[in-house]
Each structure stands twice: as structure tokens, then as C-alpha cells.
Amino acid sequence: MRIAFLISSATLMLTLGSPAFANGGGAMHPAPPPGQLPPREATPAQRATALYNDALHLTKKADRAQETATAATDAGKKDKAAHEANDEYTAAHAKFEQATQIDPAMPEAWNYLGYTSRKLGRYLDALAAYDKALSLKPSYADALEYRGEAYLAVNHVPDAKQAYLDLYASNRALAEKLLNAMKAWVTAQRAAPGGASAGVEDFDHWIQERVQISAQTASLTRAGTAASWR
Amino acid sequence: MSDAKVALGRRLFFEPRLSVTGNYSCASCHDPARAFSDARRVAIGATGQALPHNAMALVNVAYNVSFGWARPQVHSLETQMLEPMLNEHPVELGMKGREAAVSGRLAADPDYARDFAAAFPPEAAPVTFGNVVKAISAFERTLISGNSPFDRYVFGGEHQALSPEAKRGMALFFSGRAGCAGCHSGFNFAGNWRDAQGQTGRASFANNGASSIPIRVPTLRNVALTAPYMHDGRFATLDAVLEHYSAIGARVRPDYDPRLPRSPFTADERADLLSFLNSLTDESFVKRFAQLR
């Protein structure tokens with residue numbers, strides 16, 4: 001029942017509130033006060049949290065390096081930044097993986113394990129990690145959006161569409177982000193040697209229709225609407 | 001909210017023994033086949049007295065901020081329910097002063113004794129007036145509607161679920177020119193907002209030219225089933241409602257709410273808007289509860 005999902009995700013977002021992980025970045029879990037809890041006496045959840053926070057820090061550094069690489073025009077600079085990003089995603093990935101092993105019930109760690117896997121080109125691993133995050137927290141909008149992008153990366157268009165529709169009900173900003181990724185995907189397909197297939201043109205048509213619906217119904221799920229509806 | 005409580009509430013919603021005359025229930029004014037409204041201009045109580053207002057449809061009421069056409073201070077289904085049960089001027093169900101007698105009669109019915117015990121397990125004597133209210137509220141919270149052609153189009157991605165007319169009507173409905181979504185907003189196409197204090201829901205009340213005081217903006221979900229329209233049932237059809245909004249646009253007055261239309265609609269635009277309003281009917285909602293009679 002679609003509306004049940006709608007409502008539960010809206011209220012969940014309201015009640016869970018924190019931790020509010022920004023898509024692409026993310027918030028730190030509150031770390032144990034320094035000095036008070038030596039790592040070897042920490043509980044598994046605390047150790048996983050510490051690893052998660054380290055890894056998140058690395059991920060943000062990697063995101064910045066990747067941006068530098070994209071923006072750079074000088075070939076040497078571009079290459080250096082790209083390598084740096086790759087190293088940092090690799091290091092972050094290892095720590096997120098450790099965190100999920102120590103505390104398998106931490107959806108944020110699975111989400112970022114998916115994110116760093118995707119950044120390293122390991123799309124099937126990424127999908128498995130997002131599935132895990134979403135099985136722990138079905139209304140997890142960031143994971144829904146990331147998984148949508150991972151579906152696109154492996155050309156699973158129907159699943160990407162479904163991800164968009166689920167997000168549309170619960171988080172318009174992230175739905176918009178995924179729609180932009182879809183537009184970029186179509187552009188890339190068209191630029192590919194041999195041009196785009198008929199399926200790509202159908203998808204583009206679908207995207208255009210969603211752009212229109214989204215513009216028309218801006219007031220329907222305007223930021224905060226779903227949450228304040230309760 | 002257990003299944004047992006919902007099932008009990010569902011039975012009580014249709015229970016004529018709640019009324020002073022023994023032949024009236026919530027469903028006498030809230031008919032499932034009409035999205036839980038009735039076909040009367042204003043509601044009529046058990047003893048035949050007219051109420052001041054049209055019976056409201058009960059659609060997604062679990063998410064209301066306030067209850068009633070013009071009562072920002074009624075905040076819960078439980079508080080709201082005391083009105084039809086206990087009101088004397090005019091009488092609705094007419095339970096005032098008979099609460100204990102009604103509970104006693106239900107307790108003497110073995111079916112109810114069993115169902116109340118299942119719904120309120122730890123209580124030794126569960127058949128109480130308070131528990132009647134709790135059970136009916138639990139049932140009301142299941143009156144969820146979100147599977148109309150509009151929903152299938154916008155949230156389900158079924159691009160054929162709406163006709164071209166309905167799609168044009170939708171664009172007009174959400175446009176600044178028609179202004180409808182300025183008031184009929186959010187998921188329920190209704191006023192459902194907490195005000196700056198986060199409380200009364202007064203932000204959800206407006207004057208659309210059909211009243212002298214601010215009225216709560218009603219939901220438009222299943223609106224094709226809930227004629228007649230407005231708090232006083234003044235319009236018999238949706239066409240007449242659209243005629244009203246068009247007339248407002250034709251002669252704008254300075255005291256009109258700025259969200260209301262600023263120009264009249266053409267015949268085509270009215271037909272498109274009507275198609276769109278019809279696309280808000282959720283057949284599965286009506287079917288799910290129509291069998292309850």
C-alpha cells in the first residue's frame with residue numbers, strides 16, 4: 001500500500017530527525033569524549049562509530065579531491081587529484097567495511113560502504129551494501145538515492161525509476177538529484193559510439209514527463225511538506 | 001493500535017445501540033460508499049434535528065491537525081468524537097447521560113464482551129465508554145486513502161493513469177492562476193498545517209467566498225463522492241463549485257484571499273479541472289469499506 005509507505009517514511013523522517021546524514025557528505029556520529037574511553041574498553045558499537053567517523057572524514061577528503069580532479073584542466077594536476085581521491089576512497093572503504101563487521105546493525109555504515117564501493121567502480125558490491133542499509137532502515141532516503149545512482153551505473157533503468165518514485169514521495173530534493181543523474185546518464189548514452197538505443201529515448205521521454213510533473217506539483221511535497229503533514 | 005481494537009471500532013462505528021433512538025450510528029452520517037460523508041445538505045441527528053453543518057468526509061483523518069469545519073481547538077479524534085456522541089443542541093447520537101447504560105448493554109452482549117476483552121487485554125471490565133471512544137478512534141485511523149489515478153500517475157509513475165484533460169486540469173490546479181493548491185495543499189489537498197506556534201492549525205483555515213468566517217480547507221481526495229459541497233452544503237455538484245470559483249475570478253474584490261482565482265475559467269478549463277477532481281477518487285478506498293454495511 002503506497003500511502004502507508006509514504007506516511008511512515010514521512011513520520012519516520014520527522015521522528016528520527018537525527019542522525020541527519022547529508023547526501024554525499026554526512027554527519028559525524030557523536031564520538032566518545034577523548035581520553036575518557038580508551039579504544040580497547042569501548043563497546044563494539046562505540047568502536048564501529050569511531051571507525052565510521054574516521055572513514056567519513058576520509059570520504060569527504062576524497063570527495064573534495066575528486067571535485068578538484070574534475071575541475072582541473074592541467075593533465076598532471078588532474079591525474080594527481082584523481083589518484084588521491086582513489087587512495088582515500090580505498091582507505092575509507094576499508095574502514096566502513098570494518099565498521100559493518102563490528103556492528104552490522106548500523107545502516108549509515110552500510111550506506112557509505114555502498115557509496116565508497118560505487119566511487120571505486122564496484123557497482124554490484126555497492127548495490128548489495130545499499131540493500132543492507134535499506135533492509136535495516138527502509139525509509140533511508142540517502143541510501144535510496146545512492147542506490148538509484150548505482151542502478152543507473154549498471155544500466156538497471158526500471159530499478160532506477162522505482163528509486164525515483166519512492167524518493168519523490170519522501171524527499172523531493174534527493175529525487176531531484178537522482179533525476180539530474182538520470183539526465184546525465186541519457187546524455188552519456190547518446191554520446192557513446194553508435195548512439196543511444198530506442199530504450200534510452202523512451203527513458204528520456206519518461207524523464208521529461210517527470211520534470212513536468214515535478215514542476216507542476218512543487219507545492220505538493222515542497223521541502224518540509226511531507227514532514228509537517230503529521 | 002491492535003487489529004482487535006480496529007475490528008471492534010469498526011463494529012462500533014456501525015452500532016445503532018449507541019444512539020438514543022436505537023437506529024442511528026456514526027455511519028448514518030458518515031457513509032463509507034460516499035467516502036464517509038452523507039448526501040444531505042446539512043446532517044440530520046438521530047431525533048431528526050438538523051445540524052448547522054454538512055457531514056465531513058473521513059479521509060486520512062489520522063493526519064489532521066484539527067477536526068471540524070470551524071473548530072481549530074479540537075485536536076484529536078477522541079475529543080472530536082465527544083461531539084456526535086454527547087451533543088444535545090442539536091442531538092446527534094444522543095448518548096449524553098446514557099453512557100453507563102450503553103456500556104452496560106454492550107457488556108451484556110457476549111460478542112461485544114469477547115471483542116472488548118480482546119481489544120483491551122489487561123482490563124478486568126473493559127466495556128467502558130472510554131474504550132468505545134478509543135476503539136472507534138483506532139478504526140478511524142485506518143481510513144487511509146492514497147490510491148487514486150492521481151496517485152498512480154504522480155507517485156506510481158503510471159503515465160496513462162490520467163487522461164489528457166485531467167493532466168491539463170492538474171497543471172491548472174497547481175498553477176498560480178487558478179490558485180487551488182495555495183489552499184488545498186499537501187498530500188491530502190487540504191489545510192493541514194500547524195501554525196507558527198506549532199499548535200492550533202489555524203493556518204489551515206481560509207475564506208473561499210462561501211462563508212462569513214474562516215473555514216478549514218477540506219480535503220479534495222474522493223471529493224467526487226461527497227456532494228453536496230461546502231460547510232453548509234450550498235453546492236449540489238462539483239460543476240457548481242467550479243462555477244463559484246470562476247465567478248470569484250470574474251469579479252475580484254480587495255477583501256478576497258489573494259490565493260483565489262484572479263480571472264474566470266473558460267468552459268474548457270472548467271472541464272479540465274473537473275476531470276482532475278474526478279481523478280482524486282480512490283476506488284479501492286471505497287471498495288475496502290463499502291462492504292462494511
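Guide: What follows concerns a predicted model, beginning with the interface of its chains and then turning to a residue of interest.

Visitor: How many residues are in contact between chain B and chain A?
Guide: On the chain B side there are 25 residues, and they contact 19 residues of chain A.

Visitor: What area is buried there, and what share comes from carbon and sulfur atoms?
Guide: About 2300 Å² is buried between chain B and chain A, with 66% of that area given by carbon and sulfur atoms.

Visitor: Which residues form a salt bridge across it?
Guide: The rule finds one salt bridge across this interface. Glu209(A) pairs with Lys167(B), and their closest N and O atoms are 3.6 Å apart.

Visitor: Which elements of chain B give two or more residues to that side?
Guide: These are helix H7 (149–154) and helix H8 (164–173) of chain B. By class, the side of chain B that touches chain A comprises 14 nonpolar, nine polar and two charged residues.

Visitor: A change of topic: where is Asp103(A)?
Guide: Asp103(A) sits in the loop between helix H3 (75–102) and helix H4 (107–119) of chain A.

Visitor: Is Asp103(A) buried or exposed?
Guide: Asp103(A) is buried, yet has no salt bridge.

Note on methods. Residues are numbered from 1 along each chain as its sequence is written. Chains are lettered from A and ligands numbered from 1 in the order in which they are written. This is a predicted model: local features need pLDDT of at least 70, side-chain atom pairs count only at pLDDT 80 or more; totals for chains, interfaces and linings use all residues. Side-chain values use heavy atoms; hydrogens and water are left out. Contact means heavy atoms within 4.5 Å. Buried area is the accessible area (1.4 Å probe) that two parts lose on being put together, summed over both. A salt bridge is a side-chain nitrogen of Lys or Arg within 4 Å of a carboxyl oxygen of Asp or Glu. Helices (H or I, at least four residues) and strands (E, at least two) are DSSP runs, numbered from the N terminus. Ala, Val, Leu, Ile, Met, Phe, Trp, Tyr, Cys and Pro count as nonpolar, Asp, Glu, Lys and Arg as charged, and the others, Gly among them, as polar. Buried means under 20% relative accessible area, exposed over 50%, partly exposed in between (1.4 Å probe, protein chains only). Lys and Arg count as positive and Asp and Glu as negative; His and the chain ends are not counted.
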